[in-house]
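Hi,

Here is the structure I said I would pass on. Have a look at it first, and my notes follow below.

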Amino acid sequence: MRQNLALFENEDVIYKKYLPQITTLQNKPIKINEWDIPYTISELSYLVHSDYRYYGKFPSAVAGQILEQILPPSPDHYVLDNFCGSGTTLIEAKLRGIKSYGVDISWLSVLASNVKARYIDTADVKKELFKLVTWFENNKENFSSPEDAFVNKWFSPQASRDLCAIQDYILTMNSGAIRDFMLVAFIGIIRRVSKAHDAEVRPHINKNKKERDVISAFSKKISDMSADHAEFNLQTDKNLIADCFIADNTNLPKLLDDKKCYLVISHPPYLNSFNYAPVYSLEFYWGSPFEAEYTEEKKNFYKEEMKAHPANEKITEEYFNHLDKCYRETYRIQPNGSTLAIVIGDCTRNGKLIPVIDQTIEIVENIGYRLEEVNYRTTHYGLGKYAYKHRADYHGTDNEKKDGILIFKK
Ligand SMILES: C[S@@+](CC[C@H](N)C(=O)[O-])C[C@H]1O[C@@H](n2cnc3c(N)ncnc32)[C@H](O)[C@@H]1O
């Protein structure tokens, strides 16, 4: 007991090292702060955060800081992330010993979040990798690649043949944690071994890209993920709940109807940024034989994805309608006195500002929540202090286009 307490109070733990530097700008009537996060992607991607590349995720420090500020009233209370993405909130909650749930509309996000947040026996993973590589080496003359225009466009014949082989192997594995882990590693290398740019959000052919060997990329991914998990296992309670479900956040799972959700952390896609389904088209292609199993045959769930791009009148209206519906739903399940933290940014359309933050505050206050605190982010994710300055739109409170963390109370 004393040992656990000492661990909890230890300021040197990695998840406390990269919290935002906070300046208070106003204390009343609502508190306004500036959050500066002057760290690099690799600094912020400690432990399992780097296991699954996710476009548009927030820095671990954002979820971390909210969790530091708002503590659960009891161990039964949990945090819910209703746009869970790659599970950043679940990881940060688990590191702090807080129970958590997530929901996302994409089965790949849900799978990746669960694999990242759960305990995994890394010795078993290594054994399975050895079996796979041995099988691959012994059978490589017999593999063939799928012949279709999509695959031919995005992958070399060798890469598609090798991906097909790994996919076949995973399909024959028994369901369970090790197979989920292998599948996330497999999905995690797709972009890297494709002909598409690694860095661009939506896939585009990169004519200069050097071909990567699939089996060595996969083995490296498994080794990196195993090392991250071994460390994460040591720092977290194996039995603490951190579960993500496939669901549309305008209709939350029944399990959350217990009035124990003391905090919602919510990070919708930013208006006019991108939609997720096309960005992950390569991953969804290779994941498709597994889809029915992981979605329990709930087909066409992507139709419910909240569209954020392009910000024409129709999409903009639907975007705000979605926010209204999903926060009515969190309001329904949350107990009185609980907190809703929304991470959201303004955008421009044809050079004109759409004040997403102000409109969100209006929507959420109409539902019955009360705004308590606004935190503006001054630095972009990942490139170190001010490295992004020449490109970023969000800088401090003087700029009209803002990126904010809005804290409401029910
Ligand atoms: C900006 S991302 C969240 C990223 C997350 N904070 C992280 O760090 O990985 C938004 C997420 O909302 C999900 N989403 C979109 N529409 C949704 C809906 N109707 N219900 C639940 N999730 C949805 C997308 O699939 C995407 O993963």
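A quick definition before the notes: I call two residues in contact when they have heavy atoms within 4.5 Å. With that in hand, take the contacts in the protein chain between residues at least 6 apart in sequence: 78% of them join residues at least 24 apart. Do keep in mind that this is a predicted model.

On the overall fold, the protein chain has 15 helices and 11 strands. How does its radius of gyration sit with that of a compact globule? For 410 residues such a globule would come out near 22 Å, and the protein chain has 22 Å, so the two agree. Along the principal axes, the C-alpha atoms fill a box of roughly 70 × 60 × 40 Å.

Now the inside and the surface. Of the 410 residues in the protein chain, 56% are buried. The accessible surface is about 18,800 Å², and carbon and sulfur atoms account for 49% of that. As for charge, I get 52 positive and 56 negative side chains, with the centres of the two sets 1 Å apart.

Last, the cysteines. How many disulfides does the structure hold? The count is 0. Cys326, for one, is in no disulfide: the nearest cysteine sulfur belongs to Cys261 and is 13 Å away, whereas a disulfide needs the sulfur atoms within 2.5 Å. Is Cys326 buried or exposed? Its relative accessibility is 0%, so Cys326 counts as buried. Cys164 has a relative accessible area of 13%; the cut-off for buried is under 20%, so Cys164 is buried too.

Cheers

Conventions:
Residues numbered from 1 in each chain as written. Predicted model: local features only at pLDDT ≥ 70, side-chain atom pairs only at ≥ 80, totals over all residues. Heavy atoms only, no water. Helix = DSSP H or I, 4+ residues; strand = E, 2+ residues; numbered from the N terminus. Rg over C-alpha atoms; globule rule 2.2 N^0.38 Å. Buried < 20%, exposed > 50% of the residue type's maximum accessible area, 1.4 Å probe, protein only. Areas by Shrake-Rupley, 256 points an atom, 1.4 Å probe, with all protein chains shown as cover. Lys, Arg positive; Asp, Glu negative; His and termini not counted. Charge placed at Lys NZ, Arg CZ, Asp CG, Glu CD.
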